[in-house]
Structures are given as structure tokens and as C-alpha cells.
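I opened my notebook today to look up a few side chains and how they sit together. Come along and read the entries with the structure beside you.

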Amino acid sequence: MLGVYSASKFAVKGLTQTAAKELAPHKITVNSYCPGIVGTGMWERLDEKMMEHMGTKKGEAFAKFSEGIALGRPQTPKDVADLVSFLASPNSDYITGQNILTDGGMVFN
């Protein structure tokens, strides 16, 4: 059910690394962010698909996927925006080619 979505995530990682190498001589940094479970409309749509595919009730898939978050809550759009703001700032000028996992501790790389 998530094959194409997962493949696109891997493609973003590869493109990030390649672009970072190619653009580094021009002092351009390239990074990506990899969000976890974010409470947005996308999860509402995923929840509907999970209801059809797995027979869950509305909100159950979101709750189940959120259970394993070490920080105890799903991510908010502001959490994502804060990371993106940092990456766009001069404070991140020595970070390039990174795929930054921002998921509250769901996956530890």
C-alpha cells in the first residue's frame, strides 16, 4: 500500500546527496528533512485508506502509528517548520547532503 510513497522517499535521499556534492563547489548546501507522523490532512487521507484496507476505524491508524514515538506525541507542522527554518538559516551553513530525520524518536539512525 505504501510502496510508491516509500520509493519516492528513497529518491529524495539520493537526490539530496547527489545535489549536495554537485553544488558544494558553489557554496550551496542541500539537505532534506524526513518527517515522522505529522498531524495534517495527509494523515486524515491515510487514515481513510487504512480504514478501507485494514478495517480500522477513523483515527485508529494515526493513533497506532503514533504509539511508538519516544517523545510521546505526533509531530506538528510547526515542528517541521522549525527544522526547515534552521536549515534555511546561516546557522546550518556547514551541513550538507544530510537527510534529517525529525520524528520525535520513532526511528533511531
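Entry 1: I began with Phe65, which is partly exposed at a relative accessible area of 34%. For my own reference, buried means under 20% relative accessible area, exposed means over 50%, and partly exposed lies in between, with a 1.4 Å probe and protein chains only. I note that this is a predicted model, where local features need pLDDT of at least 70 and side-chain atom pairs count only at pLDDT 80 or more, while totals for chains, interfaces and linings use all residues. Residues are numbered from 1 along each chain as its sequence is written, and side-chain values use heavy atoms, with hydrogens and water left out.

**Entry 2: ring pairs.** How many aromatic pairs does the structure hold? I found two. Rings of Phe, Tyr and Trp (its six-membered ring) pair if their centres lie within 6.5 Å; planes under 30 degrees apart count as stacked, over 60 as edge-to-face and the rest as tilted. Trp43 and Phe62 make an edge-to-face pair, with 5.6 Å from centre to centre and 70° between the planes. Trp43 belongs to helix α2 (residues 41–54) and Phe62 to helix α3 (residues 60–66), so this pair ties together parts 19 residues apart in sequence. Helices (H or I, at least four residues) and strands (E, at least two) are DSSP runs, numbered from the N terminus.

Is Trp43 buried or exposed? I read 9% relative accessibility, so Trp43 counts as buried. Phe62, at 22%, counts as partly exposed. The rings of Trp43 and Phe65 have centres 5.4 Å apart and planes at 50°, so I logged this pair as tilted. Here too distant parts of the chain are linked, with Trp43 in helix α2 and Phe65 in helix α3, 22 residues apart.

**Entry 3: the core.** Which residues form the largest nonpolar core? I listed six: Ile37, Trp43, Leu46, Met50, Ala61 and Ile69. Such a core is a set of buried Ala, Val, Leu, Ile, Met, Phe, Trp, Tyr and Cys residues joined through side-chain atoms within 4.5 Å. Helix α2 gives the most to this core, with three residues.

**Entry 4: a loop residue.** Last, I looked at Lys27, in the loop between α1 (3–23) and β1 (32–35). Lys27 has a positive phi of about 60° although it is not a glycine. At 74% relative accessibility, Lys27 counts as exposed.
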